[in-house]
Amino acid sequence: FSSDPITDQLKLWDICIFDYLAGNTDNHIKNLSLLYSKDLKSIRLAPAYDIVSTMVYDSSTEDMAMSIGGIYNINDIDRKAFEREALNVGLGKNMALKHFDKMVAGFCDAIDKASFTLMSQGFEYVDVIKQEIMQKGGIKSYL
């Protein structure tokens, strides 16, 4: 239904990658929305929202809300699972894995910058939470 399906499909792909890397096992279909233009003639995927690293909580499930390459358990998902999922959703393998590799490569710098910003604004325990994400999110497999 998107007015720009290729852009929105890649945006959705990036959201799925980020959820995996950050350890958000709770990104279910109700966390995705469409935005309609005022004249109702165009539809676009809404920006990502309600993204929480659920893996930092001991009571959280290790199963993703949606499978990646047929796998739900975050600890069993790897680059090959994303390769299979790219084919499942009709994305070109090379393009999809290029997005995956770019997000993996930039994740540590991004979380460092975000942590620094939050600490400088007085938020306590940011470093503890960052370490939990790095140890429990999907990024741990690439460190």
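Start at T54, which, once neighbours within four places in sequence are set aside, is in contact with G23, N24, T25, D26 and S60; contact here means heavy atoms within 4.5 Å. T54 sits in the loop between strand 2 (43-45) and strand 3 (63-68). Helices (H or I, at least four residues) and strands (E, at least two) are DSSP runs, numbered from the N terminus. With a relative accessibility of 13%, T54 counts as buried. For the record, buried means under 20% relative accessible area, exposed means over 50%, and partly exposed is in between, using a 1.4 Å probe and protein chains only.

A word on what you're looking at: this is a predicted model, where local features need pLDDT of at least 70, side-chain atom pairs count only at pLDDT 80 or more, and totals for chains, interfaces and linings use all residues. Residues are numbered from 1 along each chain as its sequence is written, and side-chain values use heavy atoms, with hydrogens and water left out.

Stay with the loops for a moment. The loop between strand 2 and strand 3 also holds D50, whose phi is near 55°, a positive value in a residue other than glycine. D50 counts as partly exposed, at 44% relative accessibility. L40 has a positive phi too, about 65°, although it is not a glycine. You'll find L40 in the loop between strand 1 (34-36) and strand 2, and with a relative accessible area of 62% it is exposed. Why flag such residues? Because most residues other than glycine have a negative phi.

Now for the helices. Two packed helices are described by the angle between their axes and the distance between the axes. Helix 1 (residues 5-22) packs with helix 2 (residues 79-88) at an angle of about 155°, the axes being 12 Å apart. The axes are lines fitted to C-alpha atoms, for helices over the stretch in contact, and the angles run from 0 to 180 degrees between N-to-C directions. Helix 1 and helix 2 are therefore roughly antiparallel to each other; the cut-offs are under 35 degrees for roughly parallel, over 145 for roughly antiparallel, 65 to 115 for roughly perpendicular, and oblique for the rest. Their crossing, helix 1 over helix 2, is right-handed, meaning that the near helix is turned clockwise from the far one by less than a right angle, with anticlockwise being left-handed. W13, C16, I17 and Y20 of helix 1 make the contact with F82, E85 and A86 of helix 2. Sorted by class, that contact has six nonpolar, no polar and one charged residues. In this scheme Ala, Val, Leu, Ile, Met, Phe, Trp, Tyr, Cys and Pro are nonpolar, Asp, Glu, Lys and Arg are charged, and the others, Gly among them, are polar.

Helix 1 also meets helix 3, with axes that come within 10 Å and cross at roughly 40°. The two are therefore oblique to each other, and the crossing of helix 1 and helix 3 is right-handed. On the helix 1 side the contact is made by L10, W13, D14, I17, F18, Y20, L21 and A22, and on the helix 3 side by M95, A96, H99, F100, M103, V104 and F107. These residues divide into 13 nonpolar, one polar and one charged.

Beyond its neighbours within four places in sequence, M103 is in contact with D14, I17, F18 and L21. At 21% relative accessibility, M103 counts as partly exposed. M103 and I139 are 36 residues apart in sequence, and their C-alpha atoms are 9.8 Å apart in space.

Which residues do ring pairs link into a cluster? They are W13, Y20, F82, F100 and Y142. Rings of Phe, Tyr and Trp (its six-membered ring) pair if their centres lie within 6.5 Å, with planes under 30 degrees apart counted as stacked, over 60 as edge-to-face and the rest as tilted. By this rule there are six aromatic pairs. In the pair of F18 and F107, the ring centres are 5.9 Å apart and the planes are at 50°, so the pair is tilted. This pair links distant parts of the chain, with F18 in helix 1 and F107 in helix 3 (residues 93-120), 89 residues apart. F18 is partly exposed at 31% relative accessible area, whereas F107 counts as buried at 6%.

Finish at Y20 in helix 1, which counts as buried at 0% relative accessibility. Leaving out residues up to four places away in sequence, Y20 touches M64, I74, I77, D78, F82, F100, G137, G138, I139, S141 and Y142.
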